[in-house]
Amino acid sequence: MLRRAFLATTALTAVIGHQANAQDVDLSYGFFGMPGLVDMPIAQSADEGAIAGTVVARDGMYRLNIGAQVTDRLSGSVSYTLTDLYDETATGIVEGELERSFSLQYRLVNESTYVPAVAIGMRDFLTPGRFQSEYVVASKSIGDSLKVTAGLGWGAMGTHEGFDNPFGSRADRPAFDEGTPEGQLATDQWFAGDAALFGGASYQINDKWGVMAEYSSIANPQQAFAPVAEVESPYNFGVTYRPIDGVQLALASLYGTDVALSGTFVLNANNRPGMGGTESAPVPVKVRSQDARAARTWDRAKVLETGLRAAMQALLEIEGLELTGLEITDTTARVRYENNRYRSQAQAMGRVARMMTQVMPGSIETFILEPETRGIPLSSTAISRSDLENLENRAGATDAMLQRAQFTDARSGEGLTQVASKKPAFTWGVSPYFAVSSLGSEGDSVVDLGVKLKAQYQITPQLVLSGAIAQSLINNDSKDPVVDSTPDLQNVRTDGGFYGDDGVPVLDSLMLTHYGRPGENLYSRISGGYLERMYGGISAELLWKPVESDLGFGAELNYVAQRDTDMAFGFDEYDYDVVTGQVSAYYDLGDGYHTQVDLGRYLAGDWGGKVTLSREYNNGVLVSAYVSQTDVSYEDYGDGSYNKGVRVSIPLDFLTGSPSRKEYGATFRTRVGDGGAMLNVDGRLYDVVRDAHSNDLSDTWGRFWR
C-alpha cells in the first residue's frame, strides 16, 4: 500500500524534470535532496530558484526528495522515505513505514580565492526522527573540476567514531525511539550528543561524467536503521552521469555492503523551460493622428456606443478575454473584463489596452482597466493612451509604464453598461484525480486514484452552483476502522480514508457560492452545501485588502457537520457538528515573499494558529511552508500538537510556454492528525483577488508588453 503511495508522489519529479534547465555542471545532488556528495552534504548551493526532485533506491529503502534553493543562501528539502523491507520482529520497525522529514541548510560564508564556502544545516529537524542530524560543513573548489569537503556532524551524522560534543553543555542526546510522537519539535536535541567528522571530494571528468568519494559519519545504528544498512566501511563512492541539462543519474557504493541508484531532475523557477512564450504576438498600438489627439469629444452619431461594445467584445474574445462591462465618456473609456487565459494579469492588461487603441475614438485619452473574477471587480488601473503610443517601442518602456500607471480600488458599477456573456451558463468537464488521505490516528495512508466529473451553473456573474462526482478506480484501502487511539478528540481528518471507499460514484461536493463587494476594499464570499468530501454546511468569509497595500485582513466563520462516509447526502453516521473559523493576516514582504497568519478554532474544536511563508517567482512557481500549533495535547492529537508541510505549485504555462491559468501542485506534509485541521473550502478570497492588486501586478509587469 505505502509503496504505491510513495511511487505516486514521485509524479511531481516528472513535472520538475520536464524540459529541465541547465544547471552548473559541477554541482551534484546527494541522497537528501540538496547539493551533496552521497550521504554527506557540501557547502555549495544551487542557483537561486532551483527546484530539484530526487528519487533514491537502495536495498530496503526508497526515498523521494523535493529540494529548493529558496534564496541565494538558504536551501531546503522535504523527504519521503519508505522503509519497505524491514523485519518488524527483529527491530520493532514497522514494515512499509513511510517517513517524512524536512531539512534546511544556510550558507554562512561565500567561497572566495582562499576561503571555502561554509554552511550550517539540519536534517529531519522538525521531529526527533530516524535521520535527525545537524552539521557544519566547508567546501572548496580546486581548479575547475575538483571540490573538497570537510565537516562536523551531530545526531545520525555523529554516530561513526563520535567524540565528546565540543559544546559541553549539550553533551546528552537520547537515542532514536520509534515511539516518540512525530509532532514534537525536538529543539533540545539540536547540536546535542556526540559529534563526528566527515569529508569527501568530487571530481568532474567532463560535462557528463563525474566521480565522488566520501568518509561518512553515519554509522547506521542498529536501533534506528537495521537491517537496511550493514556498515563494513565508512567510505562511500559514486559516479554521476548527466545525459541532458538538468538531469543527474548516480550510482553509488554504500558502506562496503550496498549499492544505490538515484535520479535527480532540476528546473529553475526563474527561467521558463520552454524559453519564450508560444502565445501569439499582441496587436500593435494604433497611434492616433495629431487631429484625433486634439479632439475633445467624438461624434456619437457616426460612432455608436453599441458598435464600440461589439467591437471590443469581439477583439477581447480573440485574446481569450471576456468583456463584462464598458463605460465611455468624451475622454475616458472604462473596460471591465474577465481574464480566462493569461496567468499574469499584467499581460492581460497589456492586451486589453492595445485592443482599446484599435477601436476607441481619438478623443479618448485615459483607459481604465478593471479585471473581474467570479463577478467581482478586483482593481482599477488607469493608463494614458499617449503613454501607450509613445512608449511601445522604446527602451525602458516597462518601468516607465509601471511608474505612470495608477492603481486604485475598482469603481462601482454605476455608469457601466453590462455586456451579456457569450459563455454558456452550464459548463462541465472530466479529469483524473489523485489523493492521499489519512486512515486512523496512527498515520496510515490511503491512496485514491480515479476520475472526477465537475460541473457548474452560472446563475448570475456573482452566484454559481457547482458540484463534482468522483469515481474511484484504484483505492488501496483494505482496512476496517481501527480502535480510536484518541477518543477525546473527534476524528475530523483521520477517518478520511474511509470516505468514498465503496467503489461507487460519490458526491464530492455540491454547493452554492456568492461573491460580493460589500464596500470599498472589501470582498465577501458565502458558500453553502456539501463543501468538501468530509463536511457540509455554511462558510462565510470577509476580506479587507486595499489594492496598493502590502497588508490584508480576513475573517472566516463556518458551521459544518461531518458527512457520512458513503459521501451521499447524510450526516447521521458521526452526528458531529462544529462552529469553526479563523481570523487571518496577510502581508506581502516584496520580491515574491508572502506571509499568512491564521488564528482561530479548528474542526476538532481545538484553538491555535498557523503560519505560512511563501515564495512566488515571477514565472508563477510557488514554494511555501507552513507550521500549525494548537492547544491539543500530544496524547490526544495522535501525532503531536503541531503540524507542518511544504507545497510546490507549478503553473502550466511555465512548462509549456502556452498561456494558461491552470497550475499543478503537491503538498508534502507530516501525518495528518485531528488537531489543527481546517475546512477545505474552494475559492478563499485572498488567492482570488491578490493577483490583480498592485504588488502582484508589479511583480509580473514585464509581461505588459507581451
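Which residues does Glu134 touch, not counting residues up to four places away in sequence? They are Gly121, Met122, Leu152, Gly153, Trp154, Gly155, Arg173, Gln189, Trp190, Phe191 and Ala192. Please keep in mind while reading that this is a predicted model.

To find Glu134 in the viewer, go to strand S6, which covers residues 133-142. Glu134 has a relative accessibility of 0%, so it falls under the 20% limit and counts as buried. Its side chain reaches the backbone nitrogen of Phe191 at a distance of 2.8 Å. Phe191 is also among the residues that Glu134 touches, together with Gln189, Trp190 and Ala192.

## The chain as a whole

Stepping back, the chain has 706 residues, and 55% of them count as buried.

The contacts say something about how the chain folds back on itself. Taking contacts between residues at least 6 apart in sequence, 61% join residues that are at least 24 apart. As for the surface, the chain exposes about 29,400 Å², with carbon and sulfur atoms supplying 56% of that area.

## A pair of packed helices

Two packed helices are described by the angle between their axes and the distance between the axes. Here, helix H6 (residues 305-318) packs with helix H7 (residues 345-359) at an angle of about 140 degrees, and their axes are 10 Å apart. That angle makes H6 oblique to H7, because only angles over 145 degrees count as roughly antiparallel. The crossing of H6 past H7 is right-handed.

Which residues meet where these helices pack? From H6 come Leu308, Ala311, Met312, Leu315 and Leu316, and they meet Val352, Met355, Met356, Gln358 and Val359 of H7.

## Two loop residues with positive phi

Most residues other than glycine have a negative phi. Asn521 has a positive value, with phi near 65 degrees. Look for Asn521 in the loop between strand S23 (506-516) and strand S24 (522-530). Is Asn521 buried or exposed? Its relative accessible area is 15%, which is under 20%, so Asn521 is buried.

Met567 also has a positive phi, near 55 degrees. Met567 sits in the loop between strand S26 (551-562) and strand S27 (577-590). With a relative accessibility of 1%, Met567 counts as buried.

Gln582 is buried, with a relative accessible area of 11%. Leaving out residues up to four places away in sequence, Gln582 touches Gly554, Ala555, Glu556, Asp598, Leu599, Gly600, Met678 and Arg684.

Gly600 links this picture to the next residue, as it is in contact with Trp607 as well. Trp607 is found in strand S29, residues 607-616. Apart from neighbours within four places in sequence, Trp607 is in contact with Gly600, Arg601, Tyr602, Gln629, Thr630 and Asp631. How many residues separate Trp607 and Gly675 in sequence? The two are 68 residues apart along the chain, while their C-alpha atoms are 8.8 Å apart in space.

Conventions. Residues numbered from 1 in each chain as written. Predicted model: local features only at pLDDT ≥ 70, side-chain atom pairs only at ≥ 80, totals over all residues. Heavy atoms only, no water. Helix = DSSP H or I, 4+ residues; strand = E, 2+ residues; numbered from the N terminus. Buried < 20%, exposed > 50% of the residue type's maximum accessible area, 1.4 Å probe, protein only. Polar contact = N/O pair within 3.5 Å; in protein donor to acceptor, adjacent residues only side chain to side chain. Contact = heavy atoms within 4.5 Å. Areas by Shrake-Rupley, 256 points an atom, 1.4 Å probe, with all protein chains shown as cover. Axes fitted to C-alpha atoms, helices over the stretch in contact; angles between N-to-C directions. Parallel < 35°, antiparallel > 145°, perpendicular 65-115°, else oblique. Left-handed = near helix turned anticlockwise from the far one by under 90°.
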